[in-house]
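Thanks for coming. I will go through one structure today, and you can follow along on the screen.

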Amino acid sequence: MLLHRLTHMVSCKEATRLISQSEERRFSLGERIKLRLHLAACTACARFERQLAFMRDAMSRYRK
Amino acid sequence: MDSDPFAAELESHRRYLTRVAQLQLRDRDAAEDVVQDTLFAALTGRDGFSGRSSLKTWLTGILKHKIVDAIRRKQRQPIIASTFDEEVDLEDFDPLFRDDGGWATPPAEWGDPESALSRREFFDMLDFCLEQLPPNTARVFMMREVMELDTAEICKELTITANNLWVILYRARMALRQCLEQNWFSGQARS
Ligand SMILES: [Zn+2]
């Protein structure tokens with residue numbers, strides 16, 4: 001139950017915001033932990049994180 | 001001018017530069033103007049091209065300054081602030097998520113997305129998806145991802161807060177992700 005509470009400290013909606021913001025700003029330790037715990041338990045958001053990383057890569061090729 | 005191979009090489013990048021400028025300025029004439037300025041500056045300043053970066057990267061660097069100047073000039077007419085508010089205001093309604101913050105439609109599996117990077121059609125689709133973004137959202141996204149301006153620079157140029165910037169970039173990425181998923185990764189286009 002503790003694990004469930006920890007991984008649900010942020011919702012998927014909040015997690016996606018944090019994933020996007022991680023490209024723009026440094027996180028506090030607390031934010032990093034919250035996000036990592038969520039990603040460890042949520043396959044949808046982990047997939048979302050990989051897709052944003054891919055998009056970033058695609059945009060950098062668009063540039064070149 | 002057409003006997004000059006350097007000029008001809010510059011000319012070959014006109015289409016790309018115009019596309020980038022058009023996405024940021026959303027104004028065909030203004031885009032053509034900044035590209036013209038860029039190519040002229042490149043032609044007269046060719047000694048500044050070291051050959052260490054690609055010509056395209058060098059041109060994009062010049063274009064970046066021309067676009068920032070053009071946006072700065074345009075900003076004297078205060079259109080941007082109000083449209084920004086409209087675009088950012090949509091914040092609370094988000095059909096992608098349920099009321100409890102869980103995904104309404106979770107992201108689909110994209111398979112092996114890297115293989116798309118070698119396909120020209122993929123970049124045409126990326127262009128299409130960028131064009132679907134609301135104008136200011138696209139402008140901010142391009143400043144960040146193509147011009148590689150940092151957060152503070154963009155906020156200063158557009159006089160928006162960092163928080164607004166994060167929201168705009170988030171919206172841009174969500175919309176772009178969805179567009180690519182629907183139009184490219186949904187199966188048929190991939191094979
Ligand atoms: Zn999640």
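I start with A:C12, which counts as buried because its relative accessibility is 12%, and the cut-off for buried is under 20%. Please keep in mind that this is a predicted model.

What are the protein donors of the zinc ion? They are A:C12 through SG, A:H38 through NE2, A:C42 through SG and A:C45 through SG, and they lie 2.1 to 2.3 Å from the ion. Along the chain, these donors follow the spacing C-x25-H-x3-C-x2-C. A:C12 belongs to helix α2 of chain A, residues 12–21, and A:H38 to helix α3 of chain A, residues 29–41, so this pair ties together parts that are 26 residues apart in sequence.

Now the geometry. The angles subtended by the four donor atoms around the zinc ion run from 104 to 113 degrees, and the arrangement is therefore tetrahedral. For reference, the ideal angle for four tetrahedral donors is 109.5 degrees.

Next, chain B. How many disulfides does the structure hold over all chains? There is one. It is formed by B:C129 and B:C179, with their sulfur atoms 2.1 Å apart. The pair links distant parts of the chain, 50 residues apart: B:C129 sits in helix α6 of chain B, residues 120–132, and B:C179 in helix α9 of chain B, residues 162–183. The angle about the S-S bond is -80 degrees, and the link is left-handed. Both cysteines, B:C129 and B:C179, are buried.

Last, helix α8 of chain B, residues 151–158. Which of its residues are buried? They are B:T151, B:I154, B:C155, B:E157 and B:L158. Looking down the axis of α8(B), these buried residues fall within an arc of 165 degrees, so they line one face of the helix. In general, an α-helix has 3.6 residues a turn, so residues three or four places apart point the same way. On the other side of α8(B), B:A152 and B:K156 are exposed. Within the buried set, B:C155 has a relative accessibility of 12%.

The ends of α8(B) remain. Just after the helix, B:T159 takes a positive phi of about 45 degrees.

Methods:
Residues are numbered from 1 along each chain as its sequence is written. Chains are lettered from A and ligands numbered from 1 in the order in which they are written. This is a predicted model: local features need pLDDT of at least 70, side-chain atom pairs count only at pLDDT 80 or more; totals for chains, interfaces and linings use all residues. Side-chain values use heavy atoms; hydrogens and water are left out. Buried means under 20% relative accessible area, exposed over 50%, partly exposed in between (1.4 Å probe, protein chains only). Helices (H or I, at least four residues) and strands (E, at least two) are DSSP runs, numbered from the N terminus. The arc is that of the directions from the helix axis to the C-beta atoms. A disulfide is a pair of cysteine sulfur atoms within 2.5 Å. Donors are N, O and S atoms within 2.8 Å of the metal (3.2 Å for Na, K and Ca); water is not among the atoms, so sites may look incomplete. Four donors count as tetrahedral if all angles lie between 85 and 135 degrees; four count as square planar and six as octahedral if opposite donors are over 155 degrees apart and all others between 65 and 115; anything else is irregular.
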